[in-house]
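I opened this notebook to keep track of what I looked up in one model, entry by entry.

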Amino acid sequence: MRVESWVVRGPAIPMTWEAREERAGPDEVVVEVAGCGVCHTDLGFFYDGVPTRHPFPLTLGHEISGVVVDAGPGVEEWIGRAVVVPAVLPCGACDACRAGRGQICPNQIFPGCDVDGGFGTHVRVPARGLCPVPDLSDPQANPSQLDLPLLSVIADAVSTPYQAVVRSGLAAGDLAVFVGAGGIGGFGVQIAAALGALAVAIDVDSTRLDRMRAHGAATTIDASEMPTKQVRQRVREVAEAHSIPTWRTRIFETSGTVAGQSTAFALLGHGGVLSIVGYTPKPVELRLSNLMAFDAIAQGNWGCLPEYYPAIVDLVLKGRVALRPFVETRALGSINSTFEELHHAPANRRVVLIPER
Ligand SMILES: [Zn+2]
Ligand SMILES: [Zn+2]
């Protein structure tokens, strides 16, 4: 079928609207895009020389929801279904996948990096790993009356902190500290709170912190107003007030900044766990021996296994993780000006681009 998309021909050169032919091969589907979120990573690919695995020309966009309109041999049952397309689609067959480590699958498909992504009318992806969305017109399945374009942010902004939270071993009654309450951390705080943890949001933007107080944060700390030492003291006071020991504290770096990474590392105490969720290409100086002295753990996180998606969709549809205050929708045609705007000033809300029909 004939599809159209915004194609990147070179770094920071305005994207052009181009047509191509797509047909679903074996075990593949073509999804008519309902919405595609703009991620910090897209800006990195477009402006900062972060390499895509498939060279330009390429269509970006890896935070996709839509409806399957074509399916190849073997996966015809997907036709007509509304889906969220996970940003990382592991192959399911290699040694890493069989060991439960699909995040590092060498054959993984990351739309908008390995293949043409979601900033277009359609996207062709493997069927394996797609997350079906329940009937959104059913008020029982969808009490918050969310629409399919909005659900696109599940594919990265919500699922990535979800996997980080799961892998950290966070349990009800633990302390979950998020350094950075923007696109990723804002959802992370809500996920941790939904799982019964006491969530603390740290940021340098008071607007973001105000929003987190209404959405899951038991405490907020404005790091622009105090040195790191004092931030650490505040977190310690919260933990003590609730009798939570440091070995039940999980710290999540969700700002993707050098300052945030330094702060997050400084918050580690005995037996603590630090998860690096945000991304910055810049190096940061740390005393790694703290990990030794505290018997602490630091771990990374790439995307989210497709297996976790149904539980995430459930949290969102039940309203336990709010999307609307954290998402803004725009027409896909605004992509060049939207990228330019976000490149100069990071938005407080995730921008989802919706194809005009
Ligand atoms: Zn992303
Ligand atoms: Zn694999």
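The entries below follow that order, after a note on conventions.

**Conventions.** I am working with a predicted model, in which local features need pLDDT of at least 70 and side-chain atom pairs count only at pLDDT 80 or more, while totals for chains, interfaces and linings use all residues. Residues are numbered from 1 along each chain as its sequence is written, chains are lettered from A and ligands numbered from 1 in the order in which they are written, and side-chain values use heavy atoms, with hydrogens and water left out.

**Metal site.** I looked up which residues coordinate the zinc ion (ligand 1), and found C39 through SG, H62 through NE2 and D156 through OD, at 1.8 to 2.2 Å. Donors here are N, O and S atoms within 2.8 Å of the metal (3.2 Å for Na, K and Ca), and since water is not among the atoms, I note that sites may look incomplete. Along the sequence the donor residues follow the spacing C-x22-H-x93-D. C39 sits in the loop between β3 (28-37) and α1 (40-47) and D156 in the loop between β7 (131-132) and α3 (159-168), so this pair ties together parts that are 117 residues apart in sequence. For these elements, helices (H or I, at least four residues) and strands (E, at least two) are DSSP runs, numbered from the N terminus. C39 is buried at 7% relative accessible area, and D156 is likewise buried at 10%; buried means under 20%, exposed over 50% and partly exposed in between (1.4 Å probe, protein chains only).

**Salt bridges.** I counted 18 salt bridges, taking each as a side-chain nitrogen of Lys or Arg within 4 Å of a carboxyl oxygen of Asp or Glu. R124 and E28 form one of them, at 3.0 Å from N to O; because R124 lies in strand β6 (residues 122-126) and E28 in strand β3, the pair joins parts 96 residues apart in sequence. R124 is partly exposed, at 30%. R208 pairs with D203 at 3.4 Å, and both residues are buried. R330 meets E328 at 2.8 Å, with R330 buried at 18% and E328 partly exposed at 24%. Through shared partners, salt bridges also link R20, E22, E28, D116 and R124 into one network.

**T254.** I then turned to T254, in the loop between β11 (249-253) and α7 (258-266), which is buried at 8% relative accessibility. A polar atom of the T254 side chain lies 2.7 Å from the backbone oxygen of G180. Beyond neighbours within four places in sequence, the contacts of T254 (heavy atoms within 4.5 Å) include F178, V179, I184 and V277.

Notes: A polar contact is a pair of N or O atoms within 3.5 Å; within protein, one must be able to donate a hydrogen and the other to accept it, and residues adjacent in sequence count only if both atoms are side-chain atoms.
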